[in-house]
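Subject: Structure for your files

Hello,

The structure I promised is below, with my notes after it. Please read them alongside the coordinates.

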Amino acid sequence: STSTSQCCPRGQYFAGTTSCQICPAGHFCLGGLADAEPCTAQPGYHCPEGSMTAAGETCPQSDIDIRICRGGSAEPAPLTMCLPGHGLGSNIHQGCEECGIGEYKTTSDASACSACSKDTQAIFTPNSKGHTKDDCPWECTDGYYQEGESCVKG
């Protein structure tokens, strides 16, 4: 049987010797005699050294240094620079995503994709996404025809 002196507090794990060790980053430790378990935190959270729950801690932010935490991460990472044709989605912790239909992005930075602005009667074709505004092919909805950059009722 194991003596109570060998039970570790939360945030630590029993290292198989006679001592408790601080839970490593990217893991969580329930204490007792349990091993360190891999972090299962959702995007926006991380498991720093000494984590006590699988949910982890909120990703730290500041006005100067924006960090992202992908689910299960050990440490926050610098905000990702997205290549042209890719932008940050609504959840920055998910990282870069390809621009969707009717969107484009020309720069390599940490911004979202821009909408291909057109007339309200315009619809974008399935391949209308990419690196430049020219990558936004479109057509007019039924009952309208294209005249320059606008759709005119026909």
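Cys82 sits in the loop that links strand E8 (77–78) to strand E9 (86–88); strands here are DSSP runs (E, at least two residues; helices are H or I, at least four), numbered from the N terminus. The model is a predicted one, in which local features need pLDDT of at least 70 and side-chain atom pairs pLDDT 80 or more, while totals for chains, interfaces and linings use all residues. Residues are numbered from 1 along each chain as its sequence is written, and side-chain values use heavy atoms, with hydrogens and water left out.

Cys82 counts as buried because its relative accessibility is 0% (buried is under 20% relative accessible area, exposed over 50%, partly exposed in between; 1.4 Å probe, protein chains only). Leaving out residues up to four places away in sequence, Cys82 touches Gly87, Leu88, Cys96, Lys105, Thr107, Ser108 and Asp109, a contact being heavy atoms within 4.5 Å. Its C-alpha atom is 8.1 Å from that of Glu97, 15 residues away along the chain.

One of those partners, Lys105, belongs to the loop between strand E11 (103–104) and strand E12 (114–115). With a relative accessibility of 2%, Lys105 is also buried. A polar atom of the Lys105 side chain lies 3.1 Å from the backbone oxygen of Cys82, and a polar atom of that side chain lies 3.0 Å from the backbone oxygen of His86.

His46 is part of strand E5 (residues 45–46) and is buried as well, at 5% relative accessibility. Outside four places in sequence, His46 has contacts that include Cys39, Cys59, Cys69, Gly56 and Pro76.

Towards the end of the notes, the hairpin. Strands E16 (residues 144–147) and E17 (residues 150–153) run antiparallel and are joined by four bridges; strands pair if DSSP finds at least two bridges between them. Tyr145 faces Val152 of E17 across the pair. Two residues separate the strands of this hairpin, and Gly148 has a positive phi near 65 degrees.

Of its 154 residues, 27% are buried. Contacts between residues at least 24 apart make up 35% of those between residues at least 6 apart in sequence.

Regards

Note on methods. Polar contact = N/O pair within 3.5 Å; in protein donor to acceptor, adjacent residues only side chain to side chain.
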